[in-house]
Amino acid sequence: MPLNEALLDYTNLYVRFVADREFDRDNPVWSAYLAGLRDNIDPGDWTYHFYRHRPHRVQPASVIATFGCFSYALGEPGQIRLHFHNANRHWHGPLSDERVSSRLSELTSLVQHVRAQQGDVRQIAGVSWLYNLTAYRRLFPESYISAATVATNRFRNMPLWGQFLNRHGGVRKDAAMLFARRVCDQTHVDDLARCFPLQPLAVPAPVEAFYEFYA
Ligand SMILES: CC(C)(COP(=O)(O)OP(=O)(O)OC[C@H]1O[C@@H](n2cnc3c(N)ncnc32)[C@H](O)[C@@H]1OP(=O)(O)O)[C@@H](O)C(=O)NCCC(=O)NCCS
């Protein structure tokens with residue numbers, strides 16, 4: 001597979017640099033990144049340099065409302081999609097025991113907002129590696145978490161790659177090394193997904209489960 005294709009289809013770089021989900025190989029920002037890749041000796045250094053000089057949009061443009069670390073966007077008809085990002089400026093980690101009450105209160109506000117503003121919504125859904133963590137799962141209704149299934153083909157998305165970052169934006173070295181080691185052992189592209197230490201999980205639940213849980 002040509003490197004350009006692998007970068008477009010199997011990494012989160014396009015979304016980070018271009019900030020849309022068109023995956024247009026002729027996009028001028030993407031073309032500038034690829035041109036620099038050809039001219040620079042170290043592809044990692046160039047990628048980081050390019051990233052540092054792009055405006056950083058933390059949330060997707062489709063987000064309707066944000067409550068601390070949580071936000072939501074409209075999904076399929078009758079559905080909203082939950083997003084998480086680390087907006088926590090506290091000494092303790094955003095998913096630590098000390099911050100559970102803050103996260104629950106953000107989710108309560110979000111669900112109240114959905115109830116007041118999105119009368120047509122029937123389902124809340126999410127996709128993330130985070131649903132593997134007890135520290136994250138405890139923030140949600142049991143019926144939401146228990147419906148989790150592995151989401152396939154998420155190579156372009158943060159719900160897969162975010163597992164390699166800690167809350168300071170640094171790389172979780174053990175997870176990254178394990179991943180790199182497993183990739184080296186694969187001989188077929190279909191086996192790439194299993195190299196990730198955590199699989200992204202898709203979770204849907206009726207909105208009533210949320211109304212009840214955060215009441
Ligand atoms: C989500 C995020 C803030 C977690 O960072 P963190 O520094 O581990 O934060 P916390 O300390 O609050 O994590 C809570 C717990 O989860 C555990 N954990 C976090 N990432 C983990 C991983 N990849 N594998 C296993 N455990 C993990 C932590 O070890 C911690 O457990 P502990 O309290 O027993 O030590 C960070 O990974 C991140 O910003 N990722 C990028 C954004 C992202 O993925 N967003 C979701 C997109 S859907």
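**Close-up views of a predicted model**

**View 1. The hairpin of strands E2 and E3.** In this predicted model, the hairpin made by E2 and E3 has four residues between its strands, and Gly-78 adopts a positive phi near 80 degrees there. Strand E2 covers residues 70-74 and is joined to E3 by five bridges, with the two strands running antiparallel. Two of the facing positions can be followed residue by residue: Tyr-72 stands opposite Leu-82 in E3, and Ala-73 stands opposite Arg-81 in E3.

**View 2. Strand E3 beside strand E4.** Strand E3, which spans residues 79-84, is joined to E4 by three bridges, and here the two strands run parallel. Gln-79 stands opposite Gln-123 in E4, while Arg-81 has Ala-125 as its bridge partner in E4. Strand E4 itself, residues 123-128, is mostly covered, since five of its six residues are buried.

**View 3. The shell around the ligand.** The ligand is surrounded by 20 residues, of which the closest are Leu-95, Trp-129, Leu-165, Arg-167 and Arg-172.

**View 4. Polar backbone atoms beside the ligand.** An oxygen atom of the ligand lies 2.6 Å from a polar backbone atom of Leu-165, a residue that is also listed among the closest to the ligand. A nitrogen atom of the ligand is 3.3 Å from a polar backbone atom of Gly-162, and a nitrogen atom of the ligand is 3.5 Å from a polar backbone atom of Phe-84. On its own the ligand has 930 Å² of accessible area, and the protein covers 71% of that area.

**View 5. The two assigned domains.** The domain assignment of the protein chain gives domain 1 as residues 1-57 and domain 2 as residues 63-152 together with 200-213. Taken over C-alpha atoms, the centres of domain 1 and domain 2 are separated by 30 Å.

Terms used:
Residues numbered from 1 in each chain as written. Predicted model: local features only at pLDDT ≥ 70, side-chain atom pairs only at ≥ 80, totals over all residues. Heavy atoms only, no water. Near = heavy atom within 4 Å. Polar contact = N/O pair within 3.5 Å; in protein donor to acceptor, adjacent residues only side chain to side chain. Areas by Shrake-Rupley, 256 points an atom, 1.4 Å probe, with all protein chains shown as cover. Domains from an automatic or database assignment. Buried < 20%, exposed > 50% of the residue type's maximum accessible area, 1.4 Å probe, protein only. Pairing = 2+ DSSP bridges.
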